[in-house]
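Here is a short briefing for a first look. Start with the structure itself, then read the points by topic.

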Amino acid sequence: MALVTISGFPCSGKTTRAKQLKEYFESRLSSPEYDGPELTVVIVDDDISHVPRSSYDTSALEKPARASLFSNVSRSLGSDTITIVDSANYIKGYRYQMYCAAREARVRVATIHVVAPPDKCGGWHEKRGECSYKPATFDNLIMRYEEPSSMVRWDSPLFTIPWDEQPPFEDIWNAILKGDKKPPPAAV
Ligand code: ADP
Ligand code: MG
């Protein structure tokens with residue numbers, strides 16, 4: 001039914017937002033007002049794709065890691081699921097690839113840009129301790145980050161969520177469920 005792509009710096013709050021979104025979607029799906037098809041909300045992340053943090057240390061490790069995440073995402077797409085991809089998703093071309101898979105599966109899309117300044121992410125990263133990135137990897141992921149843009153079709157509709165603001169849950173729900181538009185036709 002839908003693919004929601006979360007994107008952001010390392011330790012910017014992506015997993016936090018992914019969980020909040022899942023909870024929100026599930027509450028809407030189980031509310032008495034909901035009269036649509038039965039849907040399951042699935043989070044696909046690095047952990048379930050067996051992608052350790054160290055995969056981001058070199059591009060040689062990162063390539064197969066991204067491929068593993070991508071195949072998990074592709075498998076999850078379908079008319080009865082809302083798939084939330086919780087990963088850095090910082091490469092434009094990679095988000096484009098997921099968008100094409102979503103079109104092929106005839107599901108709606110939305111992109112969530114989780115925004116926090118680098119020093120804030122760095123502070124959270126230090127506090128988190130376990131499962132952390134190497135300092136050089138952390139800096140690299142911030143430096144190489146390719147910001148989503150609402151001007152390109154594969155990132156839109158785009159919802160930008162600053163770390164200190166409440167996400168526009170209802171707008172995101174409307175974008176993927178009710179949709180102002182019909183689901184896109186399959187890619188040719
Ligand atoms: P990511 O998935 O991007 O690595 P997480 O959601 O795991 O980020 O968050 C990393 C750390 O930052 C967590 O320990 C969390 O408590 C903290 N954190 C994330 N977002 C916020 C926020 N908006 N306000 C305060 N702390 C936050
Ligand atoms: Mg995370």
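Predicted model: local features only at pLDDT ≥ 70, side-chain atom pairs only at ≥ 80, totals over all residues.

Residues are numbered from 1 along each chain as its sequence is written, while chains are lettered from A and ligands numbered from 1 in the order in which they are written.

**Overall fold**
- The protein chain has six helices and five strands; helices (H or I, at least four residues) and strands (E, at least two) are DSSP runs, numbered from the N terminus.
- Read from the N terminus, the order is β-α-β-α-β-α-β-α-α-β-α.
- The C-alpha trace spans about 50 × 35 × 30 Å along its principal axes.
- The radius of gyration of the protein chain is 16 Å, which agrees with the value near 16 Å for a compact globule of 188 residues. It is taken over C-alpha atoms, and the globule rule is 2.2 Å times the number of residues to the power 0.38.

**Helices α2 and α3**
- Helix α2 (residues 59-76) packs with helix α3 (residues 92-104) at an angle of about 25°, and their axes are 10 Å apart. That makes α2 roughly parallel to α3 (angles under 35 degrees count as roughly parallel).
- Axes are lines fitted to C-alpha atoms, for helices over the stretch in contact, and angles run from 0 to 180 degrees between N-to-C directions.
- On the α2 side, R66, F70, V73 and S74 meet Y94, Q97, M98 and A101 of α3 (contact: C-beta atoms, placed from the backbone, within 7 Å).
- By class, this contact of α2 with α3 has five nonpolar, two polar and one charged residues.

**Around ligand 1**
- The shell holds G8, P10, C11, S12, G13, K14, T15, T16, W124, R128 and W163; each has its C-beta atom, placed from the backbone, within 6 Å of the ligand.
- Both α1 (14-29) and α4 (118-128) supply at least two residues of the shell.
- With three residues, α1 gives the most.

**Backbone details**
- Most residues other than glycine have a negative phi, and most peptide bonds are trans.
- S156 and P157 are joined by a cis peptide bond, with omega about 0°. P157 is in the loop between α5 (135-143) and β5 (158-162).
- H50 is not a glycine, yet has a positive phi of about 55°. H50 lies in the loop between β2 (40-45) and α2.

Technical notes: Parallel < 35°, antiparallel > 145°, perpendicular 65-115°, else oblique. Contact = placed C-beta atoms within 7 Å. Nonpolar A, V, L, I, M, F, W, Y, C, P; charged D, E, K, R; others polar.
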